[in-house]
Amino acid sequence: MAWWQRGIVYQVYPRSFQDSDGDGVGDLRGITRRLDHLVTLGVDAVWLSPIYPSPMADFGYDVADYCGVDPLFGSLVDFDALVARAHGLGLKVILDFVPNHSSNRHPWFIDSASSRQSPKRNWYLWRDPAPGGGPPNNWLSNFGGSGWTLDAQTGQYYYHSFLPEQPDLNWRNPDVRAAMADVLCFWMERGVDGFRVDVMWMMIKDDQFRDNPPDPHYLPGGSSHDKLIPLYTADRPEVHGIVAGLRDVLDLYDDHVMIGELYLPIDRLVTYYGPHLDEAQLPFNFQLLLNAWDAGVIARIITAYEAALPPGGWPNWVLGNHDRPRIASRVGADQARVAAVLLLTLRGTPTIYNGEEIGMVDVPIPPDEVRDPAELREPGRGLGRDPERTPILWDATLPGHGFTTGRPWLRFGETADVAAQASDPTSMLSLYRQLIALRRANPALVEGAISDVRADGEVLSFKRQASDQRLAVFLNLGTAECQIRPGDGTILLSTHDRGGAVSGDIMLAGSEAIILALT
């Protein structure tokens, strides 16, 4: 098995992980300092959200130089030191790659916008105004409003899927493809082991620039972007050739992984493995993020996902990330423990978002402290992502909780800190460490098949098997005690701290999950 199949990925949001210089923002030296935490936790790879030079209009997802490090985070020397330290500890390093758009301050766009005759004009999406004036079509920005901004100097509009400061690149242009291939090679030469590709499904747009159709299911009060079905701006058939081309570049190097960000239904998601498994090795499966926390719903998702995977396609699961409310806020503290068991016992590669291992919750951000452009552009709609991006609490040292000696860029929450949880055998952190150790020690949880997925009332259960090892997992997604019949075996782990042999019917407490070795 490849390392990305047997391993666990841990996402670091650099601004909020560890500050080393007292400016209140996390950085590369801080991440390097805290790598021991990841080793003790037991994960195998660290994925870094963007660290590139950026005006920070969207906190690094507006890239001004694809081959550098923003001074806020450090330098290339600091990055090299992080990679060396990670590799020395047995950790892989995955870098965020943002190919759909650059910053409007990137030299490419500055050149492109300088004149209609610029050699880089066709590196971005430029169009004349509509007849009679106004944007060329009805395409919208994911952050609200039109996706088109008029450039007064040249008299044309440019398209941006997100902020006006994030113009979309034209991936139909072979020069863009070649330049981005060089970017990937630059980082792999520096030791990067793979890439998480931002908004992979949006990388190419309709070449006829047709209007998107209205969404008949749109409800007033939602994001303005959802008024239209993104038929011509996302998940275009041509995008698969782009993704396969990126994979070709990664395959020039040994044992690298490409992870794709894909907010798509299962039947569309799995197409990004490619017809010959020649696209993304891990098209992100966000189904646990997007659906109700319900035993029946999750059982159907697992069954449908497993059935839809192409032959040889490797599954993956995600509970949280920097764009979505934290799992402990979505389902509550007790069920977050059940969710941890689910994530780490399902078949496939799990991804843990920093802070999940200590049960962090969303932190309410007062209006005058909002930093996220998604909320600033459409205030009051709850679209902001600041609540799930707040800094890690490492210890009880005040005022910076071990994260910073200065003022944090976002306020702290009230979760128990890492140091306190490390010494508490009943803590969320201890549970994650136990689960990951159990996963490592039991081949059935890493390479085993999954079967007998079912929901009985509020209890979700399934089996994992490899060779002669058989495990059963039971998860009570409700609060009431339930009777289950697991078969004869031994409890390897319980969220309610019990073990021993079982036979016949047993009671599963509310919000309890157990893993059994069947005899």
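## A salt bridge between Asp-323 and Arg-385

In this predicted model, Asp-323 forms a salt bridge with Arg-385, the closest N and O atoms lying 3.1 Å apart; the term stands for a side-chain nitrogen of Lys or Arg within 4 Å of a carboxyl oxygen of Asp or Glu. The pair links distant parts of the chain, 62 residues apart, with Asp-323 in the loop between strand E10 (316-318) and helix H11 (327-331) and Arg-385 in the loop between helix H13 (373-377) and helix H14 (418-422). Helices (H or I, at least four residues) and strands (E, at least two) are DSSP runs, numbered from the N terminus.

Both Asp-323 and Arg-385 are buried, where buried means under 20% relative accessible area, exposed over 50%, and partly exposed in between (1.4 Å probe, protein chains only).

## Other salt bridges

By this rule the count comes to 24 salt bridges. One of them joins the side chains of Arg-485 and Asp-505, with an N to O distance of 2.5 Å. Arg-485 lies in the loop between strand E15 (482-484) and strand E16 (489-494), and Asp-505 in the loop between strand E17 (500-502) and strand E18 (506-508), so the pair ties together parts that are 20 residues apart in sequence. Arg-485 is exposed, with a relative accessible area of 64%, whereas Asp-505, at 35%, counts as partly exposed. Salt bridges that share partners also join Asp-58, Asp-323, Asp-372, Arg-385 and Arg-389 into one network.

Glu-238 and Arg-236 also meet through their side chains in a salt bridge, at 3.8 Å from N to O. Of these two residues, Glu-238 is partly exposed at 28% relative accessibility, while Arg-236 is buried at 11%.

E7, helix H7 (residues 239-250) and E8 make a right-handed β-α-β unit; a crossover is right-handed if, with the strands pointing away from the viewer, the path from the first strand over the helix to the second runs clockwise.

## Basis of the values

Residues are numbered from 1 along each chain as its sequence is written, and side-chain values use heavy atoms, with hydrogens and water left out. Because the model is predicted, local features need pLDDT of at least 70 and side-chain atom pairs count only at pLDDT 80 or more, while totals for chains, interfaces and linings use all residues.
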